[in-house]
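Here are a few friendly notes to read alongside the model.

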Amino acid sequence: MVPKISIYPDYNAMSQAAADRVIALLTKKPESVICLPSGSTPLGMFRALAAANQKGEVDFSKCIYIGLDEWIGLGAGDEGSCRDLLDKDFLKPIGFRENQIVFFDGKAMDPEAECVRINKIVESLGGLDLIALGIGMNGHLALNEPGTPWDTYAHISELDPLTAEVGQKYFNKPTQLTRGITVGIRHILESKTAILIGAGAAKAPVIARALAFPVTAEFPATVLQNHFNAEFILDAEAGSGLRV
């Protein structure tokens with residue numbers, strides 16, 4: 001299978017397109033289960049969704065938000081944590097109620113039990129209707145690092161040194177990042193829709209590799225080639241390495 005590839009002229013157009021996918025889903029199915037990432041790439045999408053929400057063009061009141069991942073040892077209220085970023089950039093601006101939010105507790109005393117908790121909730125909800133993903137420079141999806149088996153649901157990951165290094169940009173001071181807790185590759189493959197958003201020239205070779213062969217666990221993003229309904233939503237720079 002070949003994922004759909006949609007390339008837009010710039011970051012703002014790409015972000016609006018990604019937001020439009022979420023809006024279309026919630027218009028069709030208001031009680032959808034959505035899983036959206038933290039970080040810098042989705043900021044434009046979040047701004048577009050907040051604007052649409054404010055105008056009454058989309059209703060988030062019935063949906064459930066599943067957190068994508070979290071750094072082990074960090075959680076809500078910790079600056080730079082995934083939950084902290086999502087609260088600031090998306091959940092609070094939209095006005096999500098706490099009972100609509102399912103998020104990994106990176107500070108859980110038993111992280112493995114936390115994985116079981118999330119797995120049970122996602123299963124009870126019938127899986128993810130839509131998952132949006134960024135892509136790491138090593139090809140990771142969420143915190144599924146190179147070598148992650150494709151049959152994994154939520155799990156603890158040992159962070160690749162590159163992931164730990166890049167992750168420092170979210171913190172005001174050096175922060176030790178060694179492990180993460182994340183939805184699994186199997187969650188991604190079982191989602192009804194998966195979109196990957198990419199922006200900037202630095203991501204161009206990574207995007208190109210994700211859409212090339214071989215499909216391998218050593219470059220997790222290639223797994224999207226096995227998804228029955230995946231779309232790459234890119235700006236022109238991120239898509240510059242593709243022949244489309």
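1. Let me start with glutamate 114, which is buried at a relative accessible area of 8%. For the terms, buried means under 20% relative accessible area, exposed over 50%, and partly exposed in between, with a 1.4 Å probe and protein chains only. This is a predicted model, in which local features need pLDDT of at least 70 and side-chain atom pairs count only at pLDDT 80 or more, while totals for chains, interfaces and linings use all residues. Residues are numbered from 1 along each chain as its sequence is written, and side-chain values use heavy atoms, with hydrogens and water left out.

2. What does glutamate 114 form a salt bridge with? The partner is arginine 117, and the closest N and O atoms are 2.6 Å apart. A salt bridge here is a side-chain nitrogen of Lys or Arg within 4 Å of a carboxyl oxygen of Asp or Glu. Both residues sit in helix 4 (residues 111–124), three residues apart, or about one turn of the helix. Arginine 117 counts as partly exposed, because its relative accessibility is 35%. Helices (H or I, at least four residues) and strands (E, at least two) are DSSP runs, numbered from the N terminus.

3. Aspartate 84 is buried, at 10% relative accessibility.

4. Which residue pairs with arginine 83 in a salt bridge? Glutamate 98 does, with 3.1 Å between the closest N and O atoms. Arginine 83 belongs to helix 3 (82–94) and glutamate 98 to the loop between that helix and strand 5 (101–102), so the pair ties together parts that are 15 residues apart in sequence.

5. How many salt bridges does a search of the whole structure find? The search gives nine. Side chains of opposite charge can pair when their charged atoms come close.

6. Finally, a look at proline 9, in the loop between strand 1 (4–8) and helix 1 (11–28). Proline 9 counts as exposed because its relative accessibility is 66%. The C-alpha atoms of proline 9 and aspartate 235 are separated by 5.7 Å, although these residues are 226 residues apart along the chain.
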